[in-house]
Amino acid sequence: MTICITATGLHVPKDKITNEELVVAFNAYVDNYNTTHAQAIQAGEKVALQHSSAEFIQKASGIKSRYVIDKKGILDPEIMAPIFPARKIGEELSVMAQMGVQALQQALDNAGLKADELDGIICAGSNFQRAYPAIAIEIQHAIGMVGGFAFDMNVACSAATFGIAQAVGNIKMGLAKKIAIVNVEIMSAQLNWRNRDSHFIFGDIAAATIIEELDTPKGYEIVDCQLFTQFSTNITQQYGFMDRSESLSAGEQVMHEGMVEPVYDKLFLQEGRKVFREVCPKVSEIITTHLAKNHIPTDKVKRLWLHQANINMIDLILRTVMGKDADKSIAPISIYEYGNTSSASPMVAFHEHQDGVQSGDLGVICSFGAGYSIGSVIVKKV
Ligand SMILES: CC(C)(COP(=O)(O)OP(=O)(O)OC[C@H]1O[C@@H](n2cnc3c(N)ncnc32)[C@H](O)[C@@H]1OP(=O)(O)O)[C@@H](O)C(=O)NCCC(=O)NCCS
């Protein structure tokens, strides 16, 4: 039995924000804040906010732009959040399902499959716009897949590789022969666009990956998967269904004055430096030991499709896995244009950077992120 990645698809929102546009909006917000709170700042009761800069963003992260589902709200210094109307469940497709369907349809077309040939859909991501019914089941319904199963799973930025591993496991158990992984990321709604340390990091996107059990392999054979997690509070997004009760428990003041602030505190937050320091060596170790377990010398690896969190992380992981003189084209970059697209990001790199990969070449798809969570999938071009 050979299990293969036979196709991928991508849905990119239309709105693009460059660093320069983002920084103009952010700095206008900072100026408004500092003017409004001038007295409190002078009295030492509040701290003046500092400007962001496009040069810093590109140097620290590599990011030049990102795509989002609503640019207008994000770039309004009075709002700084995407705005989209609520959709009535069952009558209109949810935003996540709509993006997922578009990516999945492209992947199905690329695989030469019809939706009802799928046996399973796993919607794997870093967040879901509701708890249930599952977004994956809505996608299953909308795309016209009859029978089979669909479910959501959340492993933050690592959800794509963990999803691939689940698909492989499900196929090996005989639950399915063809499974689609759909990574829908609406990071713009999870991000605190007023936080100077992280307002530039993420973008929205949807990616889809078709995994099939085949007698005649095609695409990329999945050689082996390895998963790793270790608890860390250095990356969090805690907004959730307990918030109402926690606000009530905190009393009147929080209910009347503080609803907005606790919400902002619970959006994406990270200790970027610590994440960088702790995650990079672990990712390199996981990839290296995973390759060794499969008796693959690192110089046989032609491509590393890595999670696109930060250009410097990608560089460091490439050098520690492949050697300090490693050819940079081994680890392709999509972060310049898309930013960090969370779980979708290694699949965006995989989707866009297969040129030059020959039959028999080995590659690794690797994700890493909150949890911490790290996933490594070794693939071989058919
Ligand atoms: C987030 C990240 C890009 C920040 O880069 P960094 O080099 O660590 O930057 P720091 O936060 O240490 O800040 C460095 C300096 O730039 C300043 N700075 C921070 N944000 C800034 C901004 N938007 N504009 C201008 N300057 C900024 C800081 O105040 C600091 O100034 P100081 O040296 O005078 O104190 C980097 O830590 C990172 O990529 N970490 C990996 C984590 C990650 O990407 N996770 C995503 C989820 S997987």
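Leaving aside neighbours within four places in sequence, Glu138 is in contact (heavy atoms within 4.5 Å) with Glu92, Leu93, Ser94, Ala97 and Arg130. The structure is a predicted model, in which local features need pLDDT of at least 70 and side-chain atom pairs count only at pLDDT 80 or more, while totals for chains, interfaces and linings use all residues. Residues are numbered from 1 along each chain as its sequence is written, and side-chain values use heavy atoms, with hydrogens and water left out.

Glu138 has its place in helix H6, where helices (H or I, at least four residues) and strands (E, at least two) are DSSP runs numbered from the N terminus. Glu138 counts as buried because its relative accessible area is 12%, the term buried meaning under 20%, exposed over 50% and partly exposed in between, with a 1.4 Å probe and protein chains only. The buried residues of H6 (residues 135-143) are Ile135, Ala136, Glu138, Ile139, Gln140 and Ile143, and they pack against helix H5 (95-111) and the strands S4 (120-125), S5 (149-154) and S6 (178-185). Just after H6, Gly144 takes a positive phi of about 85°.

Two packed helices are described by the angle between their axes and the distance between the axes. For helix H11 (residues 272-293) and helix H12 (residues 311-322), the axes come within 9 Å and cross at roughly 35°; axes here are lines fitted to C-alpha atoms, for helices over the stretch in contact, and angles run from 0 to 180 degrees between N-to-C directions. On the H11 side, Val275, Phe276, Val279, Cys280, Val283, Ser284, Ile287 and Thr288 meet Asn312, Met313, Leu316, Ile317, Thr320 and Val321 of H12. By class, this contact has 10 nonpolar, four polar and no charged residues, where Ala, Val, Leu, Ile, Met, Phe, Trp, Tyr, Cys and Pro count as nonpolar, Asp, Glu, Lys and Arg as charged, and the others, Gly among them, as polar.

The loop between H12 and helix H13 (335-338) holds Lys324, which counts as exposed because its relative accessibility is 68%. The C-alpha atoms of Lys324 and Met145 are separated by 47 Å, the two residues being 179 residues apart along the chain.
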